[in-house]
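This briefing goes through one protein model, from its overall make-up to single residues. Look at the sequence and the structure first, then read the points below.

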Amino acid sequence: MGSAGEKVEINPETFKISDGKLYLFYNAYFNNTLKSWNKDEDNLKAKADRNWKNIYK
């Protein structure tokens, strides 16, 4: 889930498991979103959860 709530391509080798959930991240063209996630995980996780509810209806 992109930061604006859109679907984006992911790199299956760039992932994190947190609280039993698998999170996959975009990692291409010098932009590894896992690094950004790790810096602000609580805020971005809450935002991602809200965005998924809108996509996954």
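At 73% relative accessibility, Tyr29 counts as exposed, where exposed means over 50% relative accessible area, buried under 20%, and partly exposed in between (1.4 Å probe, protein chains only). The model is predicted: local features need pLDDT of at least 70, side-chain atom pairs count only at pLDDT 80 or more, and totals for chains, interfaces and linings use all residues. Residues are numbered from 1 along each chain as its sequence is written, and side-chain values use heavy atoms, with hydrogens and water left out.

**Two loop residues**
- Tyr29 lies in the loop between β3 (27-28) and β4 (31-32).
- Its phi is positive, about 50 degrees, although Tyr29 is not a glycine.
- Asp19 sits in the loop between β1 (11-18) and β2 (21-25).
- The phi of Asp19 is also a positive value, near 50 degrees, in a residue other than glycine.
- Asp19 is exposed, with a relative accessible area of 71%.

**Overall make-up**
- The protein has two helices and four strands; these are DSSP runs numbered from the N terminus, with helices (H or I) of at least four residues and strands (E) of at least two.
- From the N terminus on, the order of the elements is β-β-β-β-α-α.
- Of the 57 residues in the protein, 23% are buried.
- The accessible surface is about 4700 Å², and 52% of it belongs to carbon and sulfur atoms; the areas come from the Shrake-Rupley method with a 1.4 Å probe, and for residues only the protein chains shown count as cover.
- Among contacts with a separation of 6 or more, 27% are between residues 24 or more positions apart; a contact means heavy atoms within 4.5 Å.

**Helix α2**
- Helix α2 (residues 41-55) has 15 residues and should span 21 Å at 1.5 Å a residue; its end C-alpha atoms are 20 Å apart, which agrees. The expected span is 1.5 Å times one less than the number of residues.
- Which residues of α2 are buried? They are Glu41, Lys45, Ala48 and Asn51.
- These residues are on the same side of α2, because they cover an arc of only 130 degrees around the axis; the arc is that of the directions from the helix axis to the C-beta atoms.
- An α-helix has 3.6 residues a turn, so residues three or four places apart point the same way.
- The buried residues of α2 pack against β1, β2 and α1 (33-39).
- On the face of α2 turned away from the buried side are the exposed residues Asp42, Arg50, Lys53 and Asn54.
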